[in-house]
Structure formats: C-alpha cells, structure tokens
Amino acid sequence: MASRPEYAITNRRQGEQPLRSDLQRPGGPANLADILERVLDKGIVIAGDIQINLLDIELLTIKLRLLVASVERAQEMGINWWESDPSLTSKANELEEENRDLRDRLDRLERIAGLPAPEEGEEVIFEETHHEEVVEDSDGEREETVTESRREEVVEAKDAGSRKRSPSSSGRGGSGGGSRKRKKASSG
Amino acid sequence: MAERESTEALRQALDAFGQEFAEGVVADARREALERATSILADEMTRSLLDNARAHLPASPPARAKTKRSRPSDGPQELAHYVYGVAWAGEDAVPADTAGVDPDHAPFAVEHEGLVAIASLVPLEEFGEEELHENLNDVAWLEQTARAHETVLDAALASATVVPLRLCTIYRGEEQVREMLEHEAPVFEDALARLQGKTEWGVKLIAQPGALERASSPKENAAQSGELSAGAAYMRGKSRQAEARDEIDRLAEQWADRVHGRMAAHAAEALLNPLQNAEVSGHVGDMLLNGVYLVDDADEDPFRSEVDALSGEFAPLGAAVELTGPWPPYNFVKGSIEAAR
C-alpha cells in the first residue's frame, strides 16, 4: 500500500513496553510518539542563541521516524544512537553515505554543464522548465521576469524502473531518509 | 632412645592432628569464603534489583531530573531562557502551577509590543550547546523534556491561542527573547490571527490484527486446487496470496481515505502524518491513518460527532477511531513561517 511506511511493524510484542504511555487525552498523559512527532518535527523553528545543530535534530527525527521503536527493538536493528555519536552508527553511516553519493553526483552534474556520464544501466534525460512572469505596471509598462529556469535530470534505472528526479538548481539532496521508495513516489 | 621414640610419636600425633583437621579447616574456610562471597553477591544483586526496580517505577520528573544533573551546589548556575511558544499579550497565556522543562523554574511571560513569549529559565549546564547535543540523544531526557514542553503549551492552550515553537529554542537572556519577538513579529501575528479560535486534533484509525484480512473478500473455493497438479496448485496459491495482500492494502487505503475525508470535511485544514510504530505509540494492530486537523472551535461538536459516528461504523469491522487533543497547533504553523520567509 502506498500510504504505508516502509518500516512495517514486524514485531508486535504486547508484553513490556518501556516507552509506552497511555493513549487517551485529556486526562492521562499523551502517547510519546504523538508528542515527539510534534515537538521535534513541527512547531515554528527559530534560531535561538544556543545553536542546536539542526542536523542533530534532523538525524534524530529521521531516526525516530525509522524507528519510532523501543530501545530493545532498536538494538535488535543494530541501532544505538542514544549511546554514541549518531554519525557513528551503522544506519546513520548508510544514510550519510547515500546522501554523500547523491550530493557528489549532483555536484558533478552541476559542474559539468553538459551531459554527465550516466552509470551503467541508467539513462539520463534532461527536462527543461522555464517560467516567465509578465507584470504590467499601472503606467502600462510591461516587465518580464524569468523567475525560474532549470533543467531536471531524470534518471531512469533499467532494473526496477524506478525514477529519480533531482532538480539540479535546488539543493534537494535528500533529507537523509534515503529511501528509494519515497524518491520514486516524489517524481512529478 | 626413648626420647627419640617419644619425639617421633609426637610428630606422628601432630601429623595425624594436621591431617585430621586440615580437611576440616579447608572445609571451614571454604564455607566461610562461600558465605562471604554470597553476602557480597547478595549486596550487588540488591543494588542491581533496586536500580532496575527504580526504572520501572512511574517517573517522577523532579527526582529523575535531579539525579540526571548532579549539580555542583557551589557557585551560581548560569541560566538561559527557554521559549515554549508565543501568544497575544493579555491572553493570560502563562500557566500557573505548571513546571518548566527545568522543574526548578516555572514559566513566565516575556512581553514585547503586544506579544508574549512563554519562557522559563534553564541551566546552561544542561541546556548548553554541547550538553544539548548529548541530551537530545538520551531517550529518557528527550522524553522528559518533550513532555514538559508539551505540558506547558497544553496549559497555555486553555486560555490562549498559542504558536508553538520547536523543542529547545533557547536564548541567553530576556533581552534576546524580546529581540526575537521584534524580528519575528509579522510571522507570529499572522499565525496567531490564522489560528485564533481554532484547535488541532489528531485522529487515528487502528485496525486490530487480522481485521483487514477478515474484511477483505473471502478466499475462493479451495476445493478446486485439489484437481490441479502440485506445481499448478503451488503457483495458484502464490498468486492468490499476492492478490489477497493487494486486496488488504486497497482496503486499508479505502478505510483511511474514508475517515480522513469525513474528518477533513469538518476541519479548516487537514494533514496526514506518517504512521506510527506500535512500540512507541503502544497501539495493537495496524495503524492505517494518522491524521491531524485544525478545527474551528465552533465546529468542535460536529467534528466530535463525526468521530463517534465513524467509531460506530468501524467497530464491527474490528477497527478503532481514536481522537487525541486538543493540541497546540504544531502541525499548522510550519507552513506559515516558511511562507513568510
């Protein structure tokens, strides 16, 4: 199902649940997942004097999304980010690596304005978009502004038919979520 | 001669004594060593049991916070301003009798030109840059702080429209909080105007294990497979399984759409959030929908009635519709600041 997350629940233990809280509000405390998805991921973000590394929070948020699981479950998955630097864990490394790869590739594509060498089994098509806006002043003068002009790289992988689109004009380097499924869904 | 004999006899007697008692002595020593070891082990076990038992006790935040911090009692603490959210001045947004993220410091208002920041003091030794980096990765600390943040905003919500800020927005002093209010005033004013009289609610649809399977169309005549060859039967079984899975996915989506569509009809704005993992949320079964809705307070009754109606429709199917809230409008402010920038 498209709307289901990839981190399908496989282990539904009903016994001890260390982080579990009761669901009902008001009255009882709210469930931790409900709170965390809000206070970490939502709400207005303003830079304070104490600089929280936003990457920290982002990594944390991504991990919480991937996990949103108990410590035990996380350990089963080989993730122990609460014990050590998040960037040292295997999962984070994987995501980072994937991120870096994508970024490198974007950089390369940007540098070489011409046709980049596609990887084996991949086909690269360029799609150009060009937006123009015509504004007419009160005194009748017309002003043309090109607000956006970019080319998009569409990589068509032969194997799974997956389609990745990365606008080379913006820095959408993937938020580290790194799931191919999501990228596939985001085209268009 | 006789003397030598008696010496020999004495030695023999001593030997015999030694032999006779050596065993006993070793046994005694062993017993005593065992006892000592047992008692040491018992102490260690007691300590371990106590530690573990403590972890299972309901969390009492202040006590837990104290042990976490190990504050030096000498010397003044360096304090910073932690800001929870922003409201219109004069709406009495600062809750009384609510602890801040640091239990020792209650929330207060920082007012500036018609806006108030709901703030409280926090020690830099816990909320400083390096410390935050570590603490944010400490699940227990994170839970405690997130809950405290939410509790303050919850309380504020009772009497005011609040724009919630993300966890751990911290300023050096009151002056810096005022500057922030000054700079961001247009964003806050826009958001507050838009959110006035509206409340965030969450609605989830959770199917009991097996509910979707039961509700999807029943399997066709299994008898037919008897006539097929083993290979063909196997292939047919495989494709049936795949069909059944597709059918279940379709049904899950259908159910989620039905609930979301009808809730959204009573809301000013509606959004879908990623489904939660059962182990943190504590639900049993499959979460099919995690929707959030910004509802005009005037529409709260019809909104709630719709939740009840949907509950009634889904209960026989083995699925539950869960309502949470009221929440500070976390899910409906992000866009506003992005739009403003």
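Hi everyone. Keep in mind as we go that this model is predicted. I'll begin with chain A, then move to a sheet in chain B, and end on one residue.

So, chain A. It has 188 residues, and 19% of them count as buried. You'll find five helices and three strands in it. If you read along the sequence, the pattern goes α-α-α-α-β-β-β-α. Now take the contacts in chain A between residues at least 6 apart in sequence: 45% of those join residues at least 24 apart.

How many of the residues of helix α1 of chain A are buried? Eight of its eight, so this helix, residues 32-39, is mostly covered. Among the buried ones are A:L32, A:I35 and A:V39, and also A:D34, A:E37 and A:R38.

On to chain B. Here we have 341 residues, with 35% counted as buried. The chain holds 11 helices and eight strands. For contacts between residues at least 6 apart in sequence, 78% in chain B join residues at least 24 apart.

Now the sheet. Four strands of chain B make an open sheet in the order β2-β3-β1-β4, and the pairing is antiparallel. Which strands stand at the edges? Those are β2 and β4 of chain B; each has a single partner strand, so one side of each is left without a neighbour in the sheet. From one strand to the next, the twist averages 25°.

A quick reminder for anyone new to sheets: strands pair through backbone hydrogen bonds, and the pairing is either parallel or antiparallel.

Let's walk through the pairs. β2(B) and β3(B) are joined over five bridges. Between these two strands is a hairpin with two residues in the gap, and there B:E113 takes a positive phi near 45°. Next, β3(B) pairs with β1(B) over nine bridges. Then β1(B) pairs with β4(B) over six bridges.

Start at B:V110, whose bridge partner in β3(B) is B:A117. B:A117 is also the bridge partner of B:V86. And B:V86 stands opposite B:V163 in β4(B).

Helix α6 of chain B, residues 174-195, lies across β1, β2, β3 and β4 of chain B, and runs at about 155° to β4(B).

Why is β3 of chain B described as largely enclosed by the rest of the structure? Because seven of the nine residues in this strand, 115-123, are buried.

Last stop: B:D92. Where is it found? In the loop between β1 and β2 of chain B, that is, between the strands 79-88 and 108-112. B:D92 has 15 C-beta neighbours inside 10 Å, so it counts as partly exposed; to be buried, a residue needs 20 or more. Leaving aside neighbours within four places in sequence, B:D92 is in contact with B:S159 and B:A160. And B:L157 is 65 residues from B:D92 in sequence, yet the two are 9.9 Å apart in space, C-alpha to C-alpha.

Terms used. Residues are numbered from 1 along each chain as its sequence is written. Chains are lettered from A and ligands numbered from 1 in the order in which they are written. This is a predicted model: local features need pLDDT of at least 70, side-chain atom pairs count only at pLDDT 80 or more; totals for chains, interfaces and linings use all residues. A residue is buried if 20 or more other C-beta atoms lie within 10 Å of its own, exposed if 12 or fewer, and partly exposed in between; C-beta atoms are placed from the backbone. Two residues are in contact if their C-beta atoms, placed from the backbone, lie within 7 Å. Two strands pair if DSSP finds at least two bridges between them. Axes are lines fitted to C-alpha atoms, for helices over the stretch in contact, and angles run from 0 to 180 degrees between N-to-C directions.
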